[in-house]
Amino acid sequence: MRKEILRLNHVTLEENGERYLDNLDFYILQGEIMGLIISDAKGCSQLIRLICHNIPISFGGVYYEGDRVNHYSHADYTDNRVYVIEERGRLIDSLTISDNLFVMRKGFKKYIINSRVLDHQVELLMAELGLSIDPKRRVSTLSAFERCVTELLKAILAGCRFIILDRISNFLSQMELKQFQDIIRKQAKRGTAFLYMGNHHQEVFQIADRAALFHQGIIWKVFEKEEMVETALQPYTISFDLSGSQVREPMEEAVLKLDGVHLNGKEPVGFSLRKGECLMILDTDNQTWEPLVEVLSGSRGIRDGRIYLGERVFAGEEPTDFFKEGVAVIPDDPAETFLFRDMSYMENLTFLLDRKVWFGNIKRSHLRSVRKEYMKKVGPCIDSGKIDRLSLRERYGLAYYRIHLLHPKVAVCVQPLAKGDMYLRRYVLDLIQELKNSGISVLILTSNLADNMDVSDRMIILQDGKVAAEYAKEEFYKVGW
């Protein structure tokens with residue numbers, strides 16, 4: 001019989017009068033991969049903090065490796081031996097892999113460090129995982145996958161028998177995710193327990209031994225292995241079907257075209273985006289989409305090839321101001337990186353609008369017209385003096401409606417569904433559909449399929465920096481992910 005690693009026994013957690021965890025009751029066994037499907041992000045950070053640190057709770061108890069470590073009647077603020085692998089990470093960028101794994105480890109007391117011995121130990125640990133990564137490399141040079149592997153080894157060396165994986169598909173490519181999941185399975189067979197948190201049930205079902213649906217701080221249902229099928233989840237999810245939406249068919253005319261453009265891959269990249277089309281580019285190994293964003297954002301030029309925007313041609317290593325030419329980029333975390341927190345909603349919404357209307361200061365009558373039009377879409381939040389108190393959904397809407405108002409020729413959406421829960425992802429799909437229906441061509445750059453297929457008209461798959469396959473919408477079923 002397998003040992004129980006973690007048990008949350010009817011735990012309720014409240015902070016500042018708000019309930020974040022409500023009667024949470026589940027357990028995780030040694031060597032088990034427990035999935036947590038996040039349909040709503042409320043309570044996620046509180047759950048992770050509660051498992052790692054014995055903070056005060058309103059009701060229930062927490063048991064770790066058979067011992068009661070937290071109770072509603074007493075919290076001692078001690079830490080549990082739990083490691084969290086997440087996007088921001090816990091490694092020191094300026095140090096090597098070996099230094100991060102050994103020198104910075106708690107309890108390491110040697111005054112004279114034999115680098116060769118430490119490097120050899122790292123090589124042995126990597127070999128156990130079937131990998132070969134130079135232990136002398138600085139963490140700042142590592143890919144997202146290599147950082148995850150290093151974090152996993154750090155957890156193992158620290159003696160952690162329980163590891164939380166917090167939405168790793170947000171920053172790993174499709175291929176990297178599969179590779180890391182294989183490593184997780186091997187480590188689980190050696191006795192390590194995992195809590196695998198993900199926004200997408202398909203991803204969680206693929207890896208988990210059991211899975212729980214987490215919504216508004218409540219476990220709605222726990223799915224056993226035989227229950228982890230699409231039909232079992234349907235009563236608890238919302239529809240992502242956009243067929244009922246007004247759809248504007250794309251034209252044959254190309255609004256954006258890349259011809260023989262070298263980015264980071266060995267092979268040149270070429271594709272075209274039609275007017276009014278939503279084209280998804282799936283970069284399976286994260287080699288291409290980041291440099292392409294840099295080019296279209298105007299921060300770098302191209303080494304070879306040409307970029308066509310309508311009838312205009314651009315080439316050379318000198319960066320081009322593509323925003324001026326009608327290309328707008330929406331970053332992967334627009335609620336944090338695309339908006340100005342010290343500005344009002346209307347100031348954010350109309351930011352750079354003067355570059356569109358071409359008559360200097362925008363007239364008050366024009367602003368009244370904008371407010372009236374977008375009040376119907378977003379509601380009273382349009383009158384917010386500052387955007388700090390807006391919900392995540394309202395800030396996402398603000399970011400996308402700014403682009404809708406500017407009405408560029410092309411909107412580049414970078415990893416648009418990577419960060420959100422189920423409800424936010426559905427809302428973002430509606431926002432992208434609205435861009436399409438207004439006549440804007442949409443280019444989705446992503447390393448994960450997620451639900452992007454629901455809004456896309458065509459898909460291009462990049463592998464090793466070159467086009468590996470192309471699918472029309474009616475052929476999406478052929479994609480084997």
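Gln415 sits in the loop between β17 (410–414) and α14 (422–437); helices (H or I, at least four residues) and strands (E, at least two) are DSSP runs, numbered from the N terminus. The model is a predicted one, in which local features need pLDDT of at least 70 and side-chain atom pairs count only at pLDDT 80 or more, while totals for chains, interfaces and linings use all residues. Residues are numbered from 1 along each chain as its sequence is written, and side-chain values use heavy atoms, with hydrogens and water left out.

**Backbone and loop residues**

- Gln415 has a phi near 45°, a positive value in a residue other than glycine.
- At 7% relative accessibility, Gln415 counts as buried; buried means under 20% relative accessible area, exposed over 50%, and partly exposed in between (1.4 Å probe, protein chains only).
- Gln216 also has a positive phi, about 55°, although it is not a glycine.
- You will find Gln216 in the loop between β9 (210–215) and β10 (218–223), where it is partly exposed at 34% relative accessibility.
- Asn199 belongs to the loop between β8 (193–198) and α6 (201–207), and it is buried, with a relative accessible area of 5%.
- Leaving out residues up to four places away in sequence, Asn199 touches Ile38, Arg167, Asn170, Ala418, Lys419, Gly420, Asp421 and Arg425; contact here means heavy atoms within 4.5 Å.

**Nonpolar cores**

- The largest nonpolar core has 47 residues, and Leu349, Tyr400 and Ile432 touch the most other members. Helix α13 (residues 392–406) gives the most to this core, with eight residues.
- A core of this kind is a set of buried Ala, Val, Leu, Ile, Met, Phe, Trp, Tyr and Cys residues joined through side-chain atoms within 4.5 Å.
- Not counting residues up to four places away in sequence, the neighbours that Tyr400 touches are Ile330, Pro334, Cys413, Pro416, Val428, Leu431, Ile432 and Leu435.

**How the domains meet**

- The protein chain is divided into domain 1 (4–236) and domain 2 (254–478), with bounds that come from an automatic or database domain assignment.
- Their C-alpha centres lie 32 Å apart. The contact takes 18 residues from domain 1 and 20 residues from domain 2.
- The size of an interface is often given as the accessible area lost when the parts come together.
- Domain 1 and domain 2 bury about 1400 Å² between them, 40% of it on carbon and sulfur atoms. In domain 1, Gln174, Met175 and His200 lose the most area to domain 2, together 35% of what that side buries.
- Buried area is the accessible area (1.4 Å probe) that two parts lose on being put together, summed over both.
- Between the domains there are zero salt bridges, but eight residue pairs are in polar contact across the interface (both at pLDDT 80 or more). Helix α5 (residues 174–189) gives the most to the side of domain 1 that touches domain 2, with four residues.
- A polar contact is a pair of N or O atoms within 3.5 Å; within protein, one must be able to donate a hydrogen and the other to accept it, and residues adjacent in sequence count only if both atoms are side-chain atoms.

**Salt bridges**

- Side chains of opposite charge can pair when their charged atoms come close.
- The count comes to 26 salt bridges, each a side-chain nitrogen of Lys or Arg within 4 Å of a carboxyl oxygen of Asp or Glu.
- Arg88 pairs with Glu86, the closest N and O atoms being 3.4 Å apart; Arg88 is exposed at 68% relative accessibility, whereas Glu86 is buried at 13%.
- Arg395 and Glu336 meet in a salt bridge (3.1 Å, N to O). Arg395 lies in helix α13 and Glu336 in helix α9 (residues 334–337), so the pair ties together parts that are 59 residues apart in sequence.
- In this pair, Arg395 is buried, with a relative accessible area of 10%, and Glu336 is partly exposed at 42%.
- Glu470 and Arg458 form another salt bridge (2.8 Å, N to O). This pair links distant parts of the chain, with Glu470 in strand β20 (residues 466–472) and Arg458 in strand β19 (residues 458–463), twelve residues apart.
- Glu470 is partly exposed at 45% relative accessibility, and Arg458 is buried at 11%. Salt bridges that share partners join Arg274, Glu277, Arg458 and Glu470 into one network.
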